[in-house]
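Thanks for coming. I have one structure to go through this morning, and I will keep to a few local features.

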Amino acid sequence: MPQALPKTVDTAQVRELREADPQIRLIDVRAPGEFTSSHIPGSYNVPLDLLREHREELTAQHGDPVVLVCASGGRAEQARTLLESAGLDRLSVLRGGITGWEQDGGELNRGRGTWAMERQVRLAAGLLVLGGVVASTAYEPLKWIAGFVGAGLTFAALSNTCAMSRVLGLLPHNRTSTTDGRALLDALTDGKTPKRQ
């Protein structure tokens, strides 16, 4: 019986796992643009939204260990919960995500892509707050836009979810094309070892 993985692993543990088991799959659940911008060599992009969309058809045809990766760990935790409920096991989350990986000296493939979702959220929230405050000088009730955004960010922190990131994830540069979806899911579920990215 294959050995179970801990719920979370750090950079050093991922390196050890990769040396011990070349079949390990690093699945990056960030948006495609974020993945293009930077990712761990040998990882595969299977966005969280794609996993949610196809949750009913998720079954692994392999026993390979899977390490889930995102920017900081939050989306990877959501993916682990979703995948466990679909019956997949041998799942772990990279503690600290890409940010932790880079801080620990982990190698990244860099390209041109979309800003990280966290940065997109900060920009959108900042523009809404700034716009609300400036507009409130002309029409005072618009100050509540800033209050609404502040309440949303507070709720996002307390619940470890983010409605704004889900909305921003619907933008074309953050979406996976429907033709690529099946191929991306195969990196997670297919019995054959997928081609390295």
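**A surface tryptophan and a charged helix**

Let me start with Trp 115, which has a relative accessible area of 38% and is therefore partly exposed. Please keep in mind that this is a predicted model. Trp 115 sits in the loop between β7, residues 109-110, and α6, residues 117-136. Together with Leu 123 and Leu 127, Trp 115 makes a nonpolar patch on the surface, and the accessible area of the three together is about 300 Å².

Next, helix α4, residues 74-85. How far apart are its end C-alpha atoms? The distance is 17 Å, and the 12 residues at 1.5 Å a residue should span 16 Å, so the two values agree. The buried residues in α4 are Gly 74, Arg 75, Ala 76, Ala 79, Arg 80, Leu 82 and Leu 83. Just after the helix, Gly 87 has a positive phi, about 95°.

Now the charges on that helix. Arg 80 counts as buried because its relative accessibility is 10%, and the cut-off for buried is under 20%. Which residues does Arg 80 pair with? One is Glu 77, in a salt bridge with an N to O distance of 2.5 Å. Another is Glu 84, where the closest N and O atoms are 3.3 Å apart.

The spacing along the helix is worth a look. Glu 77 and Arg 80 are three residues apart in α4, so about one helical turn separates them. Arg 80 and Glu 84 are four residues apart in α4, again about one turn. An α-helix has 3.6 residues a turn, so residues three or four places apart point the same way.

Glu 102 and Arg 110 form a salt bridge through their side chains, at 2.1 Å from N to O. Are these two buried or exposed? Glu 102 is partly exposed, at 40% relative accessibility, while Arg 110, at 57%, counts as exposed. The count of salt bridges in the model comes to nine.

That is what I have for today.

Technical notes
Residues numbered from 1 in each chain as written. Predicted model: local features only at pLDDT ≥ 70, side-chain atom pairs only at ≥ 80, totals over all residues. Heavy atoms only, no water. Helix = DSSP H or I, 4+ residues; strand = E, 2+ residues; numbered from the N terminus. Expected span 1.5 Å × (residues − 1). Buried < 20%, exposed > 50% of the residue type's maximum accessible area, 1.4 Å probe, protein only. Patch = residues over 30% accessible without salt bridge, like charges linked within 9 Å, V, L, I, M, F, W, Y side chains within 5 Å. Areas by Shrake-Rupley, 256 points an atom, 1.4 Å probe, with all protein chains shown as cover. Salt bridge = Lys/Arg side-chain N within 4 Å of Asp/Glu carboxyl O.
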